[in-house]
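Take a look at the model below. Keep it in view as you read.

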Amino acid sequence: MTEISSTVVSCVQLLELISDGRRRRPRDLAEELGLSRSSVQRLLSTLEGRGLLARAEAGHVLSTRMRVMADRIMPALRGVAFNAIRELADDCRETVVLLVDDGPDAVVLDEAVPTTEHSVRARLAVGTRQAAGGGAAAIVHLAHRDVAARTRATRRRPDLAEAIARAREQGWLLMRSPAGAEVTELAVPVLDEEERVLASIAVLAPTVRAAGLERHVPLLVSHARRIARLHARSTRRDDETRVH
Amino acid sequence: MATDIAQTVDRTLLALLHLADTGPQSIRQIAASLAISLTAARRIVVTLHREGMLRRTEDRRYDLGPRLIRMTDPLLARFAELAGPSMAALARHTGLSVLLSAFAADGVCVLHQADPAPPGLRLDYRTGRWRPMTDCADGLVILAHLSGARRERIVRDSGRPGLPQQLERVREQGHLFAAGEPWGAAALSVPILDTRIGVIGALTVLGAAAEAPGAGLLHALSAASGEIAGAVLRQSSERAG
């Protein structure tokens with residue numbers, strides 16, 4: 001097992017704190033992170049020196065360079081899915097998330113929150129990781145992996161076998177979130193031409209509002225196909241140009 | 001000890017910057033590019049992955065993780081906030097609607113619209129809507145000023161013949177006038193250029209007439225774009241990385 005670097009963890013925590021836009025003095029940052037003021041100063045000056053932080057009036061802010069870096073994350077998939085999941089969120093009147101593989105898990109790549117009159121909405125922040133079997137989307141990903149991966153997962157968690165089988169058979173999965181919150185998820189895979197999971201899209205609703213959520217399955221499936229088609233078109237063009 | 005902290009943080013940042021340039025890499029490749037031991041690279045990468053700053057691909061390589069997107073999302077709102085006063089002044093001065101756009105995932109999004117007062121009949125853009133860069137004047141202006149490799153990939157993916165030449169003209173002229181935007185209006189766009197990292201957005205004026213814009217309008221638009229770039233620069237006195 002590789003050892004975790006506490007310095008790297010502090011660096012990420014510092015970036016997260018600064019990302020909220022509230023200006024803090026190094027002393028405040030040190031207090032919130034539980035670090036010495038000199039350690040925080042060192043982190044700040046290294047981040048600033050590499051151009052990832054900028055010094056602003058009364059504190060620091062993330063630099064534009066950070067945004068430019070972030071924008072390079074799976075741009076083709078995010079681009080083709082951007083409007084699709086926002087339209088879906090408005091049509092379903094619930095939050096919709098786009099997830100991609102992250103090792104054996106799935107991670108949220110984009111989140112679309114509808115403009116509705118509901119006072120309570122389910123949320124799953126971008127960057128949140130769903131462990132294998134930790135939610136409908138992660139199970140949908142697992143259901144479309146090879147036999148060896150599915151066997152490994154069910155050996156560890158025999159209780160997942162039934163949900164995986166259901167996701168494979170139906171092509172979608174509806175379940176209460178095992179994460180503890182009173183949220184129900186409806187997930188469908190975005191499959192490429194070889195039936196491999198490119199991503200998944202999931203509707204998240206507070207369980208009290210989730211009755212009949214499966215009526216959105218045809219809409220989800222059609223948006224998933226649209227995303228896969230547009231993505232294939234852009235990557236195919238890319239491949240063709242490389243060949244010529 | 002102090003040197004250790006600074007060195008680890010610096011290596012961590014170099015790993016992130018390297019992945020932003022290259023795309024997915026194995027731990028061995030990251031170690032080689034940073035000229036550090038495999039053990040040191042593994043420790044940094046595994047920690048960054050655990051913290052959500054990296055994502056592991058199917059072939060066990062590592063790429064930047066979506067947590068970085070969430071962290072930097074507020075920067076877009078801040079960009080719109082900084083641009084607001086210059087945009088409002090330009091809308092008042094020209095009597096035209098003004099749009100601020102930023103690039104997002106190989107496309108472009110309108111972040112903010114400023115309208116002249118009283119607004120009257122106008123085209124109202126849906127902010128936050130994604131469009132391909134090659135479909136609109138603001139996108140083409142941004143694309144023309146993007147760094148080489150990224151621009152080339154988007155141009156290649158678009159499959160549009162003649163696009164490289166069109167982008168070359170945009171770079172030479174420093175603006176783009178498009179009379180035939182899909183919704184029938186005319187748009188005049190200029191890039192917003194950050195002197196340290198290049199293009200960060202586009203500023204556009206919208207008009208109903210399909211006639212070429214006068215030099216006065218172009219001058220006012222370019223001046224507003226310069227003001228916005230200056231405001232971004234002032235709020236962050238970044239040192240070059």
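The report below goes through a helix, a chain contact, a loop residue and a sheet.

## About the model

This is a predicted model, in which local features need pLDDT of at least 70, side-chain atom pairs count only at pLDDT 80 or more, and totals for chains, interfaces and linings use all residues. Residues are numbered from 1 along each chain as its sequence is written, while chains are lettered from A and ligands numbered from 1 in the order in which they are written.

## Helix H3 of chain A

Helices (H or I, at least four residues) and strands (E, at least two) are DSSP runs, numbered from the N terminus. Helix H3 of chain A covers residues 37-49, 13 residues in total. Its first and last C-alpha atoms are 18 Å apart, close to the expected 18 Å at 1.5 Å a residue. That expected span is 1.5 Å times one less than the number of residues.

Buried residues in H3(A) are A:Ser39, A:Val40, A:Leu43, A:Thr46 and A:Leu47. Seen down the axis of H3(A), the buried residues fall within an arc of 130°, so they line one face of the helix. The arc is that of the directions from the helix axis to the C-beta atoms. A residue is buried if 20 or more other C-beta atoms lie within 10 Å of its own, exposed if 12 or fewer, and partly exposed in between, with C-beta atoms placed from the backbone. After H3(A) comes A:Gly51, with a positive phi near 80°.

## Where the chains meet

Chain A has 60 residues in contact with 57 residues of chain B. Contact means C-beta atoms, placed from the backbone, within 7 Å. Helix H1 (residues 6-19) of chain A gives the largest share of the chain A side, eight residues.

## A loop residue

A:Ala125 sits in the loop between strand E4 (105-112) and strand E5 (129-130) of chain A. Is A:Ala125 buried or exposed? A:Ala125 is exposed, with 12 other C-beta atoms within 10 Å. Not counting residues up to four places away in sequence, A:Ala125 touches A:Val108, A:Glu111 and B:Arg70.

## The sheet of chain B

Chain B has an open sheet of six strands, in the order E5-E4-E3-E8-E7-E6, with antiparallel pairing. Strands pair if DSSP finds at least two bridges between them. The edge strands are E5 (130-132) and E6 (176-178) of chain B, each pairing on one side only.

Strands E7 (residues 186-194) and E8 (residues 198-207) of chain B pair over nine bridges, in the antiparallel sense. B:Leu206 in E8(B) is the bridge partner of B:Ala187.

Note on methods: Contact = placed C-beta atoms within 7 Å.
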